[in-house]
Amino acid sequence: MQYLWAFLVGGGICLIGQLLFDVAKLTPAHTMALLVVAGAVADGLGLYEPLIKFAGAGATVPITSFGNALVHGALSELKRDGWIGVITGIFEVTSAGISAAIIFSFLAALVVKPKG
Amino acid sequence: MRQGERTWVFPTPPVIVSTGTVVGPDEGAGPLAADFDLVHPDLEIGQPSWEKAERALMEQASDIAASKAGLAKGQIQYYVGGDLLNQIISSTFAARTFGAPYLGVFGACSTSMESLAIASLIVASGAGDCAMAGTSSHNCTAEKQFRYPTEYGSQKPPTAQYTVTGAGAAIVARHGDGPRVTAATIGKIVDLGIKDPFNMGAAMAPAAVDTIQGHLQDMGREPGDYDLIVTGDLAGVGHPIAADLLQRNGVPMERTTFRDCGLMIYDVAKQKVQAGGSGCACSAVVAYGHLLKRMKQGELKRILVVATGSLLSPLSYQQGETIPCIAHAVSIEA
């Protein structure tokens, strides 16, 4: 049952993204930014964590999860360190993803030559 | 020479003495492959960047046109060219290699007929005996220029078009054998408010209609006077729109054959080219390769090539502006 909900929730988020592309005619950058912000707002309202509990990877894999992680890190450090935690905590949870993006991009650039 | 509002009728029509057409692998897999002078098996053309590859295509097309005409490069008195890249670098750098006096023009995908019209005007006016018109486009440079780098792998909607990789050059001269350029109609900017750069065909269709009607009116002709009227790159979305608009305006297009280069260059049903071909080279290689060959074989006597262009820039698009479009028509007779 968990797999089914993961599929439906993850697919539903992707469907929203595709509709933003095809119907609202947003650019890929606008679509991505909108989904990240939506994830951040959802976490601010306390809605995203319950969604992750409910749908697992269906909620953590889409880009909305990145917005959720940004807010989540900031809020948890806010509790621990006070207001400075909002700044230090933003990349607390997301640092693994960002570092991986940089490292794998570097490794890819070593073996292939992008002509862009 | 000027007839009606915006048509040049050449009293001694310049002759297209030779052409050169070079294309990439997708065009080589299309139905017109046999009509091109050179088909490259890959998009790199042995060059380290896409921009250099496009430049190489333009240089090869010019060389082929010059050698077929039996002309040394120095004998070509003017080179009129343009392309889709910022500051029309493909044409300019090819002109650097070529060494002829050079006029750079930009009409986006209408550059093919814009440059042919200007080259013909130079010859017909007596400003020169021999001029070359040339244009090029490359799928990967155009995607990067106007949309996203190909490596980014962005999704394209079915209304999008596939930029032709290729280059076409035509040498027009006062004397010689070959099809003659009898008239040219200069387009006006038409902008009906379309903003989507993935739907250029629909944006350009009204410009093509405007120029076709302007040409027929200036010349006092009807579509039946042409064996073929062909638009540049309206493709699967834009061409039916143009046909509908012409029908609504009471232009009897059923008396001629009305086609589109963007739908002719690829097998649109089988090749993954979305709505069809686009780019400066689309109308250039189809006209200079396929259509002129059919004229020489006697299948076509008089044709009208209406090259269409979307005159947007990435900046104007990002700032939410609509797409100004244009179409230039050149009448060629066997």
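Which residues in α6(B) meet which residues in α7(B)? I started my notebook with this one. On the α6(B) side I found B:G201, B:A202, B:M204, B:A205, B:P206, B:A208, B:V209 and B:I212, and they meet B:A235, B:V237, B:G238, B:H239, B:I241, B:A242, B:L245 and B:L246 in α7(B). I call two residues in contact if their C-beta atoms, placed from the backbone, lie within 7 Å.

**Ground rules**

I am working with a predicted model, in which local features need pLDDT of at least 70, side-chain atom pairs count only at pLDDT 80 or more, and totals for chains, interfaces and linings use all residues. Residues are numbered from 1 along each chain as its sequence is written, while chains are lettered from A and ligands numbered from 1 in the order in which they are written.

**The α6(B) and α7(B) pair**

I noted helix α6 as residues 200-219 of chain B and helix α7 as residues 235-248 of chain B. Helices (H or I, at least four residues) and strands (E, at least two) are DSSP runs, numbered from the N terminus. The two axes come within 8 Å and cross at roughly 40 degrees. Axes here are lines fitted to C-alpha atoms, for helices over the stretch in contact, with angles from 0 to 180 degrees between N-to-C directions. Ala, Val, Leu, Ile, Met, Phe, Trp, Tyr, Cys and Pro count as nonpolar, Asp, Glu, Lys and Arg as charged, and the others, Gly among them, as polar.

**Chain A**

Next I turned to chain A, which has seven helices and zero strands. Its C-alpha atoms fill a box of roughly 45 × 35 × 30 Å along the principal axes. Of its 116 residues, 22% are buried (buried needs 20 or more other C-beta atoms within 10 Å of the residue's own, exposed 12 or fewer, partly exposed in between, with C-beta atoms placed from the backbone). Among contacts with a separation of 6 or more in chain A, 59% join residues 24 or more positions apart.

I then checked α2 (residues 28-44) against α5 (residues 64-81) in chain A: they pack at about 45 degrees, with axes 6 Å apart. That makes α2(A) and α5(A) oblique to each other (under 35 degrees is roughly parallel, over 145 roughly antiparallel, 65 to 115 roughly perpendicular, and the rest oblique). Their crossing is right-handed. The contact of α2(A) with α5(A) divides into nine nonpolar residues, seven polar and one charged.

**Where the chains meet**

I counted ten residues from chain B and seven from chain A in the contact. The side of chain B that touches chain A divides into four nonpolar, three polar and three charged residues.

**Cores and buried spots**

Which residues touch the most other members of the largest nonpolar core? They are B:A119, B:I171, B:V172 and B:V305, in a core of 115 residues. A nonpolar core is a set of buried Ala, Val, Leu, Ile, Met, Phe, Trp, Tyr and Cys residues joined through C-beta atoms within 7 Å. Helix α9 (residues 280-296) of chain B gives the most to this core, with eleven residues. Apart from it I found another core, of six residues, including A:V9 and A:Y48.

I followed B:V123, which lies in helix α4 (residues 111-124) of chain B. B:V123 counts as buried because 26 C-beta neighbours lie inside 10 Å.

B:L57 is buried, with 30 C-beta neighbours inside 10 Å. B:L57 and B:A167 are 110 residues apart in sequence, yet 5.6 Å apart from C-alpha to C-alpha.

Helix α5 (residues 139-146) of chain B is mostly covered, with seven of its eight residues buried.

**Positive phi**

Most residues other than glycine have a negative phi. B:I45 has a positive phi of about 50 degrees, and B:I45 is partly exposed, with 19 other C-beta atoms within 10 Å. B:Q87 has a positive phi of about 55 degrees and counts as exposed, with 10 C-beta neighbours inside 10 Å.

Terms used. Left-handed = near helix turned anticlockwise from the far one by under 90°.
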